[in-house]
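Me: I would like a close look at one part of this model. Take me through the packing there, then through the strands around it.

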Amino acid sequence: MPHSTGVVVQPRLERVENNLKYPKRTPKQQGEIQRLYDQAKLQYNQSSWSSSIGILLSARVLPTVTKIVSLGLGSLYEKSKDQPRRLKQLAMLLGLAEYLRSASTAEINIYAQDPGFTKADEALLRRMGVRVLKTTSPSDLGEAGRVIDGETLVYSPFLTIEAYELLLGTCTMGLLVGDDFNALRSKWEKRTAEHRQVEHLVKSGVSQYQKRSINGDGFWSDNDRPFPMALYSRDHRVRRQAGAKDQGSRNEFSPDIQLRGDTPRARL
């Protein structure tokens, strides 16, 4: 089922008055953030990238989702060359939630965690309906580790290999939207430590998930750090085979589902 083409009301950023917990942002700063977000949201809704994600999420075999947890979103207020990309990441996060909510009667809560969030970032996310989780370090799953379960979609743009190792080694999630690990593996020479780390993730960490490549254009630009993405869903066959190791059963990757359109032009 393609992504909804209905009119979408964009979240607005409200001013925070006389609140010492969150530093005031000037109307100009808030206006610029709102402009970039609105632009990113419009691009997402009109792109074939969004449509391809909608097709993948409409598969009947996918697990039920009641929570979405974003890891590694980065600071949205920090002025840098990455700021427009991070606001695109936010637009995609809320787009995922919007689609899932439209296709389900279950309540879906959205969470985000990043050690780089500022007080202003946290205020912004809360106004957009996102609950902020805490962690002290990129190497610690923090509160997210207690939230993620089998009914969680983890959205992990641009995570480090070490963070993926921690996530996949300690958590079991229903869905993972992040890097295409096969493409990530080919980024490094075979003899490098990084290649071996990703190779281990492919053979163990995501071997219990079915992979579907995300394709499409109209959203990412050349400045968005091109890198392929994929959706990994918990393989229902693994659950049926639990405890059957003595029979030598082994889960294999399902073939990628290739959708029409160009390869993704950006790595989140």
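Which residues does L57 touch, not counting residues up to four places away in sequence?

Reply: This is a predicted model. In it, L57 touches L62, L96, Y99, L100, L153, L175 and L231, leaving aside residues up to four places away in sequence.

L57 belongs to the largest nonpolar core, which has 44 residues. Among these, W49, L57, I68, L90, M92, L125 and L153 touch the most other members. Helix 3 (residues 83–102) supplies the largest share of this core, ten residues. There is also a second, separate core of 29 residues. V154, L167, L168 and C171 are included in that second core.

Now take strand 4 (residues 152–155). T152 and V154 point one way from this strand, L153 and Y155 the other way. All four are buried. In a regular strand, side chains alternate between the two faces of the sheet.

Next, the pairing. Strand 1 (residues 67–71) runs parallel to strand 4, and four bridges join them. Here V154 is the bridge partner of V69. Strand 5 (residues 175–179) also runs parallel to strand 4, joined by three bridges. On that side L153 stands opposite L175. Both L153 and L175 are among the residues that L57 touches. From strand 4 the chain crosses through helix 6 (residues 161–170) to strand 5. This β-α-β crossover is right-handed.

Key: Residues numbered from 1 in each chain as written. Predicted model: local features only at pLDDT ≥ 70, side-chain atom pairs only at ≥ 80, totals over all residues. Heavy atoms only, no water. Core = buried A, V, L, I, M, F, W, Y, C linked by side-chain atoms within 4.5 Å. Buried < 20%, exposed > 50% of the residue type's maximum accessible area, 1.4 Å probe, protein only. Helix = DSSP H or I, 4+ residues; strand = E, 2+ residues; numbered from the N terminus. Contact = heavy atoms within 4.5 Å. Pairing = 2+ DSSP bridges. Right-handed = clockwise from strand over helix to strand, strands pointing away.
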